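Here's a quick tour of a protein chain and its ligand. Have the sequence and the 3D view open while you read.

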Amino acid sequence: MDLFDKLANRPSPLGPFTSAGYGYYTFPKLEGPLGPEMKFNGKDMVVWSINDYLGVGSNEEIKKVDAEATAKYSLSAPMGARLMTGNSDEHEALEKELAAFVHKEDAQLLNFGYQGIMSVIHALVDRNDFLIYDELSHACIVDGKQLAMADKSVFKHNDIESFKKQLYRAAAKKKDNSSILVVTEGVFGMTGDLGILPEIIKLKEEVPFRLLVDDAHGFGTLGHDGSGTGTQLECQDGIDIYFGTFAKAVALIGAFVASEPRVIYVKTLCVCLERNMAYS
Ligand SMILES: Cc1ncc(COP(=O)(O)O)c(C=O)c1O
């Protein structure tokens with residue numbers, strides 16, 4: 001069967017509601033400067049859907065610095081994958097600043113949030129390992145999980161008993177060379193609640209594991225210094241791998257992952273590991 005014919009007749013992810021969906025989903029075009037009030041189809045609207053949480057996207061001082069940097073370097077430089085030709089002093093300085101900002105020792109920039117965290121998950125675990133994640137995790141974690149060769153299990157959203165069950169299951173099955181990676185979020189984008197990070201971290205006393213927190217929504221917005229949900233909940237040290245994206249509070253494209261230098265260094269060094277950085 002021709003692929004295009006098949007696609008035309010295949011129900012979308014909406015399944016039986018596909019036909020009801022036609023015309024409902026659009027790519028709205030907002031008009032005017034970024035902000036909480038913009039125009040849509042010529043009418044004034046309150047905008048609830050932009051992630052520019054701190055309003056920096058239309059800050060005049062930042063726009064000026066952006067324009068100066070573009071004039072100095074062009075929008076194209078540096079070009080190429082970071083491992084080849086794309087590195088710069090500015091990348092390295094920003095990584096140091098980001099690491100210090102989120103109270104970690106080292107950080108690595110990622111080209112994008114979505115692909116970045118997928119690639120990080122892929123880089124962190126292998127076929128001997130166990131990956132346990134919250135059921136309401138963002139699509140990038142779910143898709144990252146698909147790339148990972150590890151044994152995967154999911155716990156009910158923010159349910160510590162359900163998490164414990166999966167943790168003990170992994171502990172019972174694991175071999176000497178198995179490790180456990182737990183992935184959850186700082187702030188869950190769809191429900192708006194915080195991850196139960198302190199409760200999860202406490203369980204490290206019973207079964208050792210490493211915790212990766214996707215703090216896309218907490219980075220820049222929570223904690224007394226903006227360093228995120230871990231700081232807000234007073235457990236930033238218990239987060240072993242901290243992930244933040246620039247697509248929310250910083251109103252840009254890109255992301256970063258912060259951890260101990262040995263974790264960051266391994267990912268930078270091994271072309272076969274952090275593929276997002278090597279091949280994009
Ligand atoms: C929890 C979470 N992680 C990751 C991402 C992806 O980040 P980016 O938009 O930078 O690709 C998002 C974006 O919505 C998110 O909400």
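How many C-beta neighbours does H103 have inside 10 Å, and does that count as buried, partly exposed or exposed? H103 has 17 C-beta neighbours inside 10 Å, so H103 counts as partly exposed. The cut-offs go like this: a residue is buried if 20 or more other C-beta atoms lie within 10 Å of its own, exposed if 12 or fewer, and partly exposed in between, with C-beta atoms placed from the backbone.

Before going on, keep in mind that this is a predicted model, where local features need pLDDT of at least 70 and side-chain atom pairs count only at pLDDT 80 or more, while totals for chains, interfaces and linings use all residues. Residues are numbered from 1 along each chain as its sequence is written.

**The whole chain**

- The protein chain has 11 helices and 10 strands; these are DSSP runs numbered from the N terminus, with helices (H or I) of at least four residues and strands (E) of at least two.
- The radius of gyration is 21 Å, close to the 19 Å that the globule rule gives for 280 residues, so the chain is as compact as a globular protein of that length. That radius is taken over C-alpha atoms, and the globule rule is 2.2 Å times the number of residues to the power 0.38.
- Along the principal axes, the C-alpha atoms fill a box of roughly 60 × 50 × 40 Å.
- Buried residues make up 35% of the 280 residues.
- Among contacts with a separation of 6 or more, 61% are between residues 24 or more positions apart; a contact means two C-beta atoms, placed from the backbone, within 7 Å.

**Around the ligand**

- The ligand is surrounded by 13 residues, and the closest are G113, Y114, A216, T245 and A247. To count as near, a residue needs its C-beta atom, placed from the backbone, within 6 Å of the molecule.
- Helix 5 (residues 113-124) gives the largest share of this shell, with 3 residues.
- By type, the shell splits into 7 nonpolar, 4 polar and 2 charged residues. Here Ala, Val, Leu, Ile, Met, Phe, Trp, Tyr, Cys and Pro count as nonpolar, Asp, Glu, Lys and Arg as charged, and the others, Gly among them, as polar.

- Helix 5 is largely enclosed by the rest of the structure, because 11 of its 12 residues are buried. Among these buried residues are G113, Y114 and G116.
- The end C-alpha atoms of helix 5 are 16 Å apart, which agrees with the 16 Å its 12 residues should span at 1.5 Å a residue. The expected span is 1.5 Å times one less than the number of residues.
- Helix 4 (residues 89-101) has 13 residues and reaches 18 Å from its first C-alpha to its last, close to the 18 Å expected.

**Strands**

- Strands of a sheet pair through backbone hydrogen bonds, either parallel or antiparallel. Two strands count as paired if DSSP finds at least two bridges between them.
- Strands in the order 1-2-3 form an open sheet with antiparallel pairing. Strand 1 (30-31) and strand 3 (43-46) stand at the edges with a single partner strand each, so one side of each is left without a neighbour in the sheet.
- Strand 2 (residues 37-40) is joined to strand 3 by 4 bridges, and M38 stands opposite M45.
- Strand 10 has 5 of its 5 residues buried, so it is largely enclosed by the rest of the structure. A255, V257 and S259 point one way from strand 10, while F256 and A258 point the other way.
- Strand 10 pairs in the antiparallel sense with strand 4 over 5 bridges, where L109 stands opposite F256.
- Strand 9 also runs antiparallel to strand 10, with 4 bridges joining them, and T245 stands opposite A255.

- Most residues other than glycine have a negative phi, and most peptide bonds are trans.
- H103 has a positive phi of about 60° although it is not a glycine, and H103 sits in the loop between helix 4 and strand 4 (106-110).
- A251 has a positive phi of about 55° and is found in the loop between strand 9 (241-245) and strand 10 (255-259). With 20 C-beta neighbours inside 10 Å, A251 counts as buried.
- A cis peptide bond, with omega about -10°, joins A77 and P78. P78 lies in the loop between helix 3 (60-73) and helix 4.
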